[in-house]
Amino acid sequence: MYSEKVMDLFMHPINAGKMENPDGVGEVGNPRCGDIMKIYLRIKDDRIEDVSFETFGCASAIASSSMVTEMVKGLTIDEALAISNKDVVKALGGLPPQKIHCSLLAEEGIQAAIEDYRSKQKARTEAKA
Amino acid sequence: MTERHVYLDHSATTAVDSAVLEAMLPYFSERYGNANSLHLWGRVARKAVNAAREQVASLIGAESSEIIFTGGGSEADNLAIKGAAFTHREKGRHVITTAVEHHAVLDSFKWLEKEGFEITILPVDETGMVSIPDLKNAIREGTTFVSMMFANNEVGTIQPVAEAARICRERGVLFHVDGVQAVGHIPVDVRELGFDMLTMSAHKMYGPKGVGALYVRKGVKIEPVIHGGGQERGLRSGTENTAGIVGFGKAAEIASWRLVDGSIDEETRLRDLLIERATAIEEVSLTGHRTKRLPFHASVCVGSLEGESMLLRLDAAGIGASSGSACTSGSLEPSYVLLAMGLSHEAAHGSLRLTLGKDTSEEDIVYVAENLQRIVTDLRAMSPLWKNRG
């Protein structure tokens, strides 16, 4: 049912775990549907220096989280925002049709974390001003 | 890859017992006759089918003439429900079932509703149990038929079927029991219990897939669903699946021994050990009734986790289990059984079912318990729900 890549990342997830003092956090999904994805970002000079995730969900949700965090690591914010769920699906070697929403959560998770970072930045700039 | 394999999904299906397989084999090529033929070949097959009918009848305390062989449990449920509803549609068009039935029953009821019948679906309590007062209140003028499962496939809870049968008898309503999970695993005597119909399935009791049976009490009239050559007293046309039926007969015979030789007590002991070990893990709770449950059935909800991820991690450790999470059901909704019991969506997503078999050992249980503990810890380490708790 799952590609080798999905199973590999599910069994041995990369970037799993909570981050202390992140610069941006995004949480998407809801427990009622059985998926929650939380993305943590450490950002320096608009570049993603470090990223991690916590996910409640099925194997493809965990693999999608792990994959998207690998993909955005080292990218600028704008580059990371350009990553779509299709890129995630492709990198995972495909997902079953009923699991495509997991890749959407991954895309939205990154967007939400960046949004959180930006709003914090804005607040900080305004505080200084 | 792992060395050890522990199959704990016996509610889904069981392996064909070697003695069952041995009994079946001659009926594929040597004794291939059609049981309806008059010649030697046909008589050999007929004799085998009749012997199997005796064996299945004996398991449930019925007479052999009351056993209708079908192509499985779902077909037997369809025959009982549609057959009874249509036969008695002049008398009334109201039929009753419960919220936790198998889809073979629930979807048959939904189909009846489309055909103009009125259906009542009884709720269950937090253990998955139907209330007898609810059943009493639901029966009214025009009610012809009640269908209730003996024991639930997802949570193992055993329904008060004897009391339900008594009420139905008093009110002149037919009573069908889906006994797929129970027959062969706990003592079932249709006369003592007062059932009008009982569904059975061979592959849930170490027999082959593709064969089941419906007990229809003498005197109960139902319409067939499959029309044709008039086999099985006209209730299930089609050439008898001789090998499958012979296998079912042998499986029933072996099951009747197991019911009296202490196997069930040992199975119950191992089940309780598994429940005890599993629920000792933080925020793991039993689903279904603690004592009124199938002797081979353990089911739990694991907090902050989703079922499919646990299943696949268990699978990687050589353990076969199942879950009622949305991801395993193929829809977006988790198990309707767990939701009917009042569990939240979140809790239902974390359901895990472990069903033991006749060959499950204590070492197997210990192995599963240790792996479950490890897997739950590993997965919770990356669950945002787990860490965010105060």
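Student: Which residue stands opposite Ile43(A) in strand 3 of chain A?

Tutor: Ile48(A) holds that place. Keep in mind that this is a predicted model.

Student: What makes strand 2 and strand 3 of chain A count as paired?

Tutor: Pairing needs at least two bridges between the strands. Strand 2 (residues 35-44) and strand 3 of chain A have 9 bridges, in the antiparallel sense, so they count as paired.

Student: Why is strand 3 of chain A called mostly covered?

Tutor: A residue is buried if 20 or more other C-beta atoms lie within 10 Å of its own. In strand 3 (residues 47-56) of chain A, 7 of the 10 residues are buried.

Student: What is the phi of Asp45(A), in the hairpin of these two strands?

Tutor: Asp45(A) takes a positive phi near 50 degrees, and the hairpin has 2 residues between the strands. Asp46(A) is found in the loop between strand 2 and strand 3 of chain A, and Asp46(A) has a positive phi of about 65 degrees although it is not a glycine. Most residues other than glycine have a negative phi.

Student: Why is Asp46(A) called partly exposed?

Tutor: Asp46(A) has 13 C-beta neighbours inside 10 Å. Exposed would need 12 or fewer and buried 20 or more, so Asp46(A) counts as partly exposed.

Student: Is Ser304(B), with its positive phi, buried or exposed, and how do you know?

Tutor: Ser304(B) is buried, because 23 other C-beta atoms lie within 10 Å and the cut-off is 20 or more. Ser304(B) lies in the loop between strand 10 (297-302) and helix 11 (307-316) of chain B. Its phi is positive, about 70 degrees, although Ser304(B) is not a glycine.

Student: How do you know that the span of helix 5 of chain B is close to the expected one?

Tutor: Helix 5 (residues 103-114) of chain B has 12 residues and reaches 16 Å from its first C-alpha to its last. The expected span, at 1.5 Å a residue, is 16 Å, so the reach is close to expectation.

Student: Which residues of helix 5 of chain B are buried, and what do they pack against?

Tutor: Among the buried ones are Ala104(B), Leu106(B), Phe109(B) and Leu112(B). The buried residues pack against elements of chain B including helix 4 (73-87), strand 3 (94-98) and strand 5 (143-149). Helix 5 of chain B is followed by Gly116(B), whose phi is positive, near 100 degrees.

Terms used:
Residues numbered from 1 in each chain as written. Chains lettered and ligands numbered in written order. Predicted model: local features only at pLDDT ≥ 70, side-chain atom pairs only at ≥ 80, totals over all residues. Helix = DSSP H or I, 4+ residues; strand = E, 2+ residues; numbered from the N terminus. Contact = placed C-beta atoms within 7 Å.
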